[in-house]
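Here is a walk through one protein chain.

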Amino acid sequence: MNETVHHTIRYGDWASMSAEAKLIRTEVFVEEQGVPAELEMDNMDVLCLHAVAYDAAGVPIGTGRLLPDGHIGRMAVRKSGRGTGVGGALLQGLMAQARARGESLVALSAQTHAAAFYQRHGFAIEGEEFLEAGIRHINMNHKF
């Protein structure tokens, strides 16, 4: 595991965050995991609040989004940022944004291999495993 490093998280709409978010999501989901590019970017992006994490040098290393219905999605951390705590910081930041706008619950569809990460942040598994874009997922939620 890498040491915890300094990072900064910025929040914004798709117009202001899309360049960095697309870069990270394409690298992680499309190139590493084989998700078809046409499935990765969707029409929900323009409706979401986006978060992008930057390392100490200002390089974008992680992203996630908060949908209008309280779902968190498209959580991705580049290889260079994994194990540094940036994923947890992004998740906690998006949860704080949801709480601030009055949500009583946040939900997400986690890749099954990442379920333990979300459980460490207070999420509970809900329902059965399913396939999305050829990858096993499980629904999870967190009540405030």
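Two strands count as paired if DSSP finds at least two bridges between them. Keep that in mind for this predicted model. Phe-130 stands opposite His-137 in β7. Strand β7 spans residues 135–143. Its pairing with β6 is antiparallel and runs over six bridges.

Now widen the view to the sheet. Three strands form an open sheet in the order β5-β7-β6, with antiparallel pairing. The edges are β5 (105–111) and β6 (124–132), and each of them pairs on one side only. On average, neighbouring strands of this sheet are turned by 20° against each other, direction ignored.

Return to His-137, a residue of β7. Is His-137 buried or exposed? His-137 counts as buried because its relative accessible area is 7%, and the cut-off for buried is under 20%. What does the His-137 side chain reach? It reaches the backbone oxygen of Ile-135, at 2.7 Å.

Next come the nonpolar cores. In soluble globular proteins, nonpolar side chains tend to be buried together. The largest nonpolar core here has 22 residues. Which of them touch the most other members? They are Ile-72, Met-75, Leu-91, Leu-108, Tyr-118, Phe-123 and Met-140. Several elements give two or more residues to this core: β2 (49–55), β3 (60–66), β4 (72–77), α3 (86–100), β5, α4 (115–120) and β7. Helix α3 gives the most, with six residues.

Look at Leu-91 in detail. Neighbours within four places in sequence are left aside. Leu-91 is then in contact with Ile-72, Met-75, Leu-108, Phe-117, Tyr-118, His-121 and Phe-123. A second core is separate and holds eleven residues, including Ala-21, Val-52, Tyr-54 and Ala-76.

Finally, step back to the annotated span. An unreviewed UniProt entry carries the annotation "domain: N-acetyltransferase" for residues 7–144. In the model, the end C-alpha atoms of residues 7–144 lie 26 Å apart. The span is 32% helix and 37% strand.

Note on methods:
Residues are numbered from 1 along each chain as its sequence is written. This is a predicted model: local features need pLDDT of at least 70, side-chain atom pairs count only at pLDDT 80 or more; totals for chains, interfaces and linings use all residues. Side-chain values use heavy atoms; hydrogens and water are left out. Helices (H or I, at least four residues) and strands (E, at least two) are DSSP runs, numbered from the N terminus. Buried means under 20% relative accessible area, exposed over 50%, partly exposed in between (1.4 Å probe, protein chains only). A polar contact is a pair of N or O atoms within 3.5 Å; within protein, one must be able to donate a hydrogen and the other to accept it, and residues adjacent in sequence count only if both atoms are side-chain atoms. Axes are lines fitted to C-alpha atoms, for helices over the stretch in contact, and angles run from 0 to 180 degrees between N-to-C directions. A nonpolar core is a set of buried Ala, Val, Leu, Ile, Met, Phe, Trp, Tyr and Cys residues joined through side-chain atoms within 4.5 Å. Contact means heavy atoms within 4.5 Å. UniProt positions are given in the numbering used here, feature names are shortened, and annotations may be inferred rather than shown by experiment.
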